[in-house]
Amino acid sequence: MKFASTALAALAAGLSFGMAAPAFAEDAPSYPETAQGAAQFIAAAEKDLFDFSVDNARINWVNYTYLTDDTDALAAQSNGLLTEKQVAYAVEAAKFSKLPGLDADVSRKLGILRQGIVLPAPTTPGAATQLSEIGTRLASTYGKGRGTLDGKEINGSDIESEMGNLTHTPAEFAEMWTTWHDNVGKPMKGDYVKMVGIANQGAKELGYADVGAMWRSGYDMTPEQFSAETQRLWEEVKPLYLALHTYVRHKLNEKYGDAVQPKTGAIRADLLGNMWAQEWGTIYPLVAPKGAGDLGYDIGDLLKAQGRTPIDMVKAGEGFYSSLGFAPLPETFWKRSMIVKPADREVICHASAWDVDNKDDVRIKMCTKVDSTDFVTIHHELGHNYYQRAYNKQPFLYLNGANDGFHEAIGDFIALSITPQYLVQIGLLDKTKVPSADKDIGLLLRQAMDKVAFLPFGLLIDRYRWGIFDGSIQPADYNKAWTKMRLDYQGVTPPSARSDDGFDAGAKFHVPGNTPYTRYFLARILQFQFYQAACKQAGWKGPLHRCSFYGDKKVGANLNKMLEMGMSKPWPEALKAFTGTPQMSAKPMLDYFAPLKKWLDEQNKGEKQGW
Ligand SMILES: [Zn+2]
């Protein structure tokens, strides 16, 4: 989506925000350090950022959909300016935030401004430049990273897909895994250590204990409470994860034998079809239950059989939201979106949703193919667009999801609704072809291989970095701590001995990219909460995973109550507006997968669970 991709583009472009930041601060008018001064400061900052963000979004849009040296330069310049502004506003906001008598909204907005930058530089001369140079170097080390396969060099995106290619041998998986982690992660360590030191100083200047505490401060609770909250959610879903882990380990043992994958203990990290063992869907053929593994239809084939085009697919997605009572997408969406890959120029194909004018100039950018994956992706991306449009009456600083897990969860929750029943309702699947209940385990297992397998990974990436930022993990222990956390949370173990001076975490994009990761964990949990709430409101009585609330205007009206709040209220209030409860809970996810859990427990009888 827009927020993430713009931030990454800014990072990749290698900004020198620090150099210009003081000049910006000097130019900016100063406000008295009173409650009233704070309110004036916020009003001016919102106006400036609103206008600038429209310009910035247009420039990035042109860049992403027309990649040339010129548009790269324009985007780098604009993103650099944006970062300067964010740094300057964060520093100013920190000054005002402790004043007595602040209006509640002003106080909330000061908090949002203070957290507006992921990796803050301190005001020490040269520190910002150094931080930005390190960020650029880390990103480019990752981008240029290579592993090997059968001794031949292979680039990052190819090695990612080869890890899911089941024709490779365990030795080849181990080779790809080891070379990637050695070549990409290890060279980053020195820079990462330096970066942590500098950014921690920056966070202190903004009034936080360290960068990790700053990241945990964006959730309407204390950093400690947030940490405990995510741990609580993890404990809720852990039995389901353990059951899946035990079953998959058994299947891998059957396939590869004791010498490669022992019957007990951890799973070898390179055998799960993904470089980071974060989602296991690509090895589904190895674990599919006999007779129930195949659904009997493929959405891509259904679309092709009816001669549907990418535009038709987007129209179908729009139709889902219209059926809930949301207004149709504006004319400009169809005129300005990039729905298919242009034939004559370079573009960034990675799917994203944009809100260019902060009002209703919403768009998607995709290189849509007529297949099942993209049909789901369209429903997901449009979720961002409808969220953006729903909160467009809010002031600038509230134009966002209730917390950073919400935006992704909306799209995913809508995508969960693409059930066989829904496909019948929109005339894509014949009523007689709806898979019978005996296919349910296959359907659920395929989902779980991605959504359940991801949970411990989604949690540990930040737990590890919180430890680094607060000093409980020292540089000498970077690799030891990483390997241990991977074992403790995921129950996976590296296929080769790891050296203490390595930096395996650096081989995961979001670590050198400095993208906070807990949002993805939250989104996985929240999407099932939203889904169950919608199904209850629609009066659904059957098994949760078969529920469709297509066409239910009451669900749409309730959903809109949450969406239109944007970030204006603490997220528990937004959650309550739709689901009736202010608490995040993994219970709906457990309900969704309950038939699978029961089945897994039967399969796992006699197996030693855990590691
Ligand atoms: Zn998304």
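**A chat about the model**

Guide: Let's begin with Thr-309, which is partly exposed because 13 other C-beta atoms lie within 10 Å. Buried means 20 or more other C-beta atoms within 10 Å of a residue's own, exposed means 12 or fewer, and partly exposed is in between, with C-beta atoms placed from the backbone. Keep in mind that this is a predicted model, where local features need pLDDT of at least 70, side-chain atom pairs count only at pLDDT 80 or more, and totals for chains, interfaces and linings use all residues. Residues are numbered from 1 along each chain as its sequence is written.

Visitor: Where does Thr-309 lie?
Guide: Look in the loop between helix 13 (299-305) and helix 14 (310-323). Helices (H or I, at least four residues) and strands (E, at least two) are DSSP runs, numbered from the N terminus.

Visitor: New topic. Which domains is the chain divided into?
Guide: Domain 1 (2-139) and domain 2 (299-434 + 529-573), with bounds from an automatic or database domain assignment. Their C-alpha centres lie 30 Å apart.

Visitor: How many residues of each are in contact?
Guide: 17 residues of domain 1 are in contact with 16 of domain 2, contact being C-beta atoms, placed from the backbone, within 7 Å.

Visitor: Which helix gives the most to the domain 1 side?
Guide: Helix 3, with ten residues.

Visitor: What about the core? Which residues have the most contacts inside the largest nonpolar one?
Guide: Leu-244 and Ile-525, in a core of 166 residues. A nonpolar core is a set of buried Ala, Val, Leu, Ile, Met, Phe, Trp, Tyr and Cys residues joined through C-beta atoms within 7 Å. Helix 22 gives the most to this core, with twelve residues. The core also draws at least three residues from each of domain 1 and domain 2.

Visitor: What does Leu-244 touch?
Guide: Leaving out residues up to four places away in sequence, Leu-244 touches Ala-448, Val-452, Ala-453 and Leu-600.

Visitor: Last one: what is the phi of Asn-514?
Guide: Near 55°, a positive value in a residue other than glycine. Most residues other than glycine have a negative phi.

Visitor: Is Asn-514 buried or exposed?
Guide: Asn-514 counts as buried, because it has 20 C-beta neighbours inside 10 Å. You'll find Asn-514 in the loop between strand 6 (492-493) and helix 22 (518-537).

Conventions. Contact = placed C-beta atoms within 7 Å.
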